[in-house]
Amino acid sequence: MPNMKTLGEFIVEKQNDFPHASGDLSSLLGSIKLAAKIVNREINKAGLVDITGAVGSENVQGEEQQKLDLYANDKFKAAMEARDQVCGVASEEEDEAVTFNKDLNRNAKYVILMDPLDGSSNIDVNVSVGTIFSIYRRVSPIGTTPTQEDFLQPGNQQVAAGYVIYGSSTMLVYTTGNGIHGFTYDPSLGVFCLSHENMQIPEDGQIYSINEGNYIRFPQGVKKYIKFCQEDVPADNRPYTSRYIGSLVSDFHRNLLKGGIYMYPSTAMYPNGKLRLLYECNPMAFLMEQAGGVASDGKNRILDIIPTELHQRIPFFVGSTNMVKQVESFIEEYP
Ligand code: AHG
Ligand code: MN
Ligand code: MN
Ligand code: MN
């Protein structure tokens, strides 16, 4: 029997590092783990049962909702409500933040923000998708209904963040601010096992990820950076490799392991970029900084941005330190 540590064991071990910890956060991470297993089971059946395709409705951001968007949203929301550690949830798929009114939930100290199914356009074609989550301590008094201020906190206030990638294997990756750790799901045992402890992204990378179809309307500095990536400079390992899956979680995960940069700048269709600050950029920025990399809107640190609305979008540049610094310097030089 290999000396495998499960996610549950790892969480308890880490909690013991903080003698006064109440265990609430550990329990919350346990709920996420459970919902991830349920969603994973459903995704694995895509193509066999009627869970692919659109439902015919749009979310508040004008995107067509897929059946699995709503399925994942419901399962994660239910898991949060069931265990009493969360007083409210904000989701890409919900117009407004959802507050839980049971007494036990009103007494809970955490709120969670999530992208229940990331990369949903990839489900029907059997390409990896994910779930992203972000956890904050509420600022409103315990025992009351959570307010907008609980959800609109800057990313530097996150107490935990993570993602699940439903890929060639399913993994859960998370941080509580003490490094970033990855767990691979063993479906035969039904457990996530520690496989990637303390991940660190290489400082330099050779992969750039961007939807180049939007090139014509990218800001000048981004265009210059793309040309820089494509230049023939063997001493600098250029040209770099272009890789774009179209699921942030998958593109991020690959770049984290190999070194690279993911970019979603402003485009003709999305003047503020497409990605959502609260559900996508903040959690990924927290994870990336914990891995030794950088996350920026092209000029500023993502985690210091003060959010003004729930579904706010923001340009996003995330990955290996030297690559993000390089694109920032092009953006500064060619505004
Ligand atoms: P979601 O499926 O949660 O709406 O997110 C989709 C996002 C992100 O995952 C991905 O990187 C990006 O949209 C892809 O956008 P384009 O298709 O415009 O490249
Ligand atoms: Mn969407
Ligand atoms: Mn997404
Ligand atoms: Mn989504």
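In this predicted model, the shell around ligand 1 draws on both parts of the protein, with at least three residues coming from each of domain 1 (7-198) and domain 2 (207-333). The residues around the ligand are Glu63, Glu92, Asp115, Asp118, Gly119, Ser120, Asn211, Gly246, Ser247, Leu248 and Lys274. When these residues are sorted by class, the shell around ligand 1 is found to contain 1 nonpolar, 5 polar and 5 charged residues.

The two domains named above, domain 1 (7-198) and domain 2 (207-333), are those given by the domain assignment of the protein, and their centres, taken over C-alpha atoms, are separated by 23 Å. The contact between them involves 35 residues from domain 1 and 27 residues from domain 2. On the side of domain 1 that touches domain 2, at least two residues are supplied by each of strand 5 (110-118), strand 6 (129-137), strand 7 (158-166) and strand 8 (170-175). By class, this side of domain 1 comprises 17 nonpolar, 15 polar and 3 charged residues.

Two packed helices are described by the angle between their axes and the distance between the axes. Helix 1 (residues 7-15) and helix 2 pack with their axes 10 Å apart and at an angle of about 165°, which makes helix 1 roughly antiparallel to helix 2. The crossing in which helix 1 passes helix 2 is right-handed. To this contact helix 1 contributes Leu7, Gly8, Ile11, Val12 and Gln15, while helix 2 contributes Ser26, Leu29, Gly30 and Lys33; the residues of the contact divide into 4 nonpolar, 4 polar and 1 charged.

Helix 2 (residues 24-43) also packs against helix 3 (residues 67-82), the two axes coming within 9 Å and crossing at roughly 155°. Helix 2 and helix 3 are therefore roughly antiparallel to each other, and helix 2 passes helix 3 in a right-handed crossing. From helix 2, the contact is made by Ser31, Leu34, Ala35, Ile38, Val39, Glu42 and Ile43, and from helix 3 by Leu68, Tyr71, Ala72, Lys75, Phe76, Ala79, Met80 and Ala82. The contact of helix 2 with helix 3 has, by class, 12 nonpolar, 1 polar and 2 charged residues.

A further helix pair is formed by helix 6 (residues 220-230) and helix 9 (residues 321-333), whose axes come within 7 Å and cross at roughly 135°, an angle that makes helix 6 oblique to helix 9. The crossing of helix 6 and helix 9 is right-handed. Here Gly221, Val222, Lys224, Tyr225 and Phe228 in helix 6 meet Gln326, Val327, Phe330, Ile331 and Glu333 in helix 9, and the contact has 6 nonpolar, 2 polar and 2 charged residues by class.

Two local features of the backbone remain to be described. Most residues other than glycine have a negative phi, and most peptide bonds are trans. Asp84, although it is not a glycine, has a positive phi of about 70°, and this residue is found in the loop between helix 3 and strand 3 (86-91). Arg238 and Pro239 are joined by a cis peptide bond, for which omega is about 5°; Pro239 lies in the loop between helix 6 and strand 12 (241-242).

Technical notes: Residues are numbered from 1 along each chain as its sequence is written. Chains are lettered from A and ligands numbered from 1 in the order in which they are written. This is a predicted model: local features need pLDDT of at least 70, side-chain atom pairs count only at pLDDT 80 or more; totals for chains, interfaces and linings use all residues. Axes are lines fitted to C-alpha atoms, for helices over the stretch in contact, and angles run from 0 to 180 degrees between N-to-C directions. Helices (H or I, at least four residues) and strands (E, at least two) are DSSP runs, numbered from the N terminus. Angles under 35 degrees count as roughly parallel, over 145 as roughly antiparallel, 65 to 115 as roughly perpendicular and the rest as oblique. A crossing is left-handed if the near helix is turned anticlockwise from the far one by less than a right angle, and right-handed if clockwise. Two residues are in contact if their C-beta atoms, placed from the backbone, lie within 7 Å. Ala, Val, Leu, Ile, Met, Phe, Trp, Tyr, Cys and Pro count as nonpolar, Asp, Glu, Lys and Arg as charged, and the others, Gly among them, as polar. A residue is near a molecule or strand if its C-beta atom, placed from the backbone, lies within 6 Å of it. Domain bounds come from an automatic or database domain assignment.
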